[in-house]
Amino acid sequence: MSRYLALVPAAGSGSRFGAPCPKQYLQLNGKPLMWHTLATLAAVPAIERVALVISPGDEWFDSYRWDDIAKLEVHRVGGASRAESVQNGLAALAAADDDWVLVHDAARCCLTVAAVERLIATLADDPVGGLLAVPVADTVKRADAECRVSATVPREGLWLAQTPQMFRAGRLAEALAKGPVDAITDEASAIELLGLKPMLVEGEAQNFKVTWPRDLALAKALLAAQR
């Protein structure tokens, strides 16, 4: 039977956040931000292993306690890009080609077990795989070089991609190896370059990516509400 494996690339520096350490290590309700991410993935019964990919030169990981997260394994094989980190993580996982791999952003720390289980249940028999996403609810504007509206973009059919993104290990490795790095913004885009169509599975608004300092307060409130 195919296994379900989680892979969390966390080799980035979080430079946009402007913090003294990568944002995945910022304190959030008494724990590093990505502790909450990893704990949620580990709490999903179907997921057998949770693989964290960090930079070989990571100076922060060993400063914290992680032994309270079941299923966690750490691989210091992070690369210069997300795609490279996922590629290296897949190699370290040594997964069978037909195992499902759920790639999740370390900074999406408000993910719920229910959302992951919905993704798995929806895609278990899917020939391609897919990702959590939410339909665009707001009016979308395209800006010009002066930050003035150049067009209003119809939002019908538009979705905001989230993670986890779930694909067979063999196919994902093939897609990442074939696709030009600058064209791969997430795992789904790599699969699309093979001419395949990933399925969109409706996610939750709270599964947002902590990107700016102001996002931290919202994440704290959401995690407190979940508890």
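1. Buried means under 20% relative accessible area. Cysteine 110 has a relative accessible area of 0%, so this residue counts as buried. Keep that cut-off in mind for the points below. The model is predicted.

2. Overall fold. The chain comes to six helices and 11 strands. The C-alpha trace spans about 50 × 40 × 35 Å along its principal axes. For 227 residues, a compact globule would have a radius of gyration near 17 Å. The chain has 17 Å, which agrees with that expectation.

3. Burial and contacts. Of the 227 residues, 47% count as buried. Take the contacts between residues at least 6 apart in sequence: 70% of them join residues at least 24 apart.

4. Cysteines. A search of the whole structure finds zero disulfides. Cysteine 21 is in no disulfide, and the nearest cysteine sulfur, that of cysteine 109, is 14 Å away. Cysteine 21 is also buried, because its relative accessible area is 13%. What about cysteine 110 and its closest cysteine sulfur, in cysteine 109? The two sulfur atoms are 4.2 Å apart, which is too far for a bond. A disulfide needs the sulfur atoms within 2.5 Å.

5. Cysteine 147. This residue is found in the loop between strand 8 (140–143) and strand 9. Is cysteine 147 buried or exposed? It counts as exposed, because its relative accessibility is 67%. The backbone here also deserves a look: phi of cysteine 147 is near 65°, a positive value in a residue other than glycine.

6. Asparagine 29. Here too phi is positive in a residue other than glycine, with a value near 55°. Asparagine 29 lies in the loop between strand 2 (27–28) and strand 3 (31–32). Its relative accessibility is 32%, so asparagine 29 counts as partly exposed.

7. The cis peptide. The peptide bond from threonine 163 to proline 164 is cis. Omega is near 10°. Proline 164 lies in strand 10, which covers residues 159–168.

8. Helix 1. This helix runs over residues 33–42 and is mostly covered. How many of its 10 residues are buried? Nine are. Among them are Leu33, Met34, Trp35 and His36. Thr37, Leu38 and Thr40 are buried as well, and so are Leu41 and Ala42.

9. Isoleucine 120. This residue has its place in helix 3 (residues 113–123). A relative accessible area of 8% is why isoleucine 120 counts as buried. Which residues does isoleucine 120 contact, leaving aside neighbours within four places in sequence? They are Tyr4, Val44, Ala46, Ile47, Leu102 and Met166. Leucine 33 lies 87 residues from isoleucine 120 along the chain, and their C-alpha atoms are separated by 24 Å. Leucine 33 is one of the buried residues of helix 1.

10. Lysine 141. Lysine 141 is found in strand 8. At 48% relative accessibility, lysine 141 counts as partly exposed. Leaving aside neighbours within four places in sequence, lysine 141 is in contact with Val149, Ala151 and Thr152. Glutamate 202 is 61 residues away along the chain, and the C-alpha atoms of lysine 141 and glutamate 202 are separated by 23 Å.

11. Valine 153. Valine 153 lies in strand 9, which covers residues 149–153. How far is valine 153 from valine 210, 57 residues apart along the chain? Their C-alpha atoms are separated by 26 Å.

Technical notes:
Residues are numbered from 1 along each chain as its sequence is written. This is a predicted model: local features need pLDDT of at least 70, side-chain atom pairs count only at pLDDT 80 or more; totals for chains, interfaces and linings use all residues. Side-chain values use heavy atoms; hydrogens and water are left out. Helices (H or I, at least four residues) and strands (E, at least two) are DSSP runs, numbered from the N terminus. The radius of gyration is taken over C-alpha atoms; the globule rule is 2.2 Å times the number of residues to the power 0.38. Buried means under 20% relative accessible area, exposed over 50%, partly exposed in between (1.4 Å probe, protein chains only). Contact means heavy atoms within 4.5 Å.
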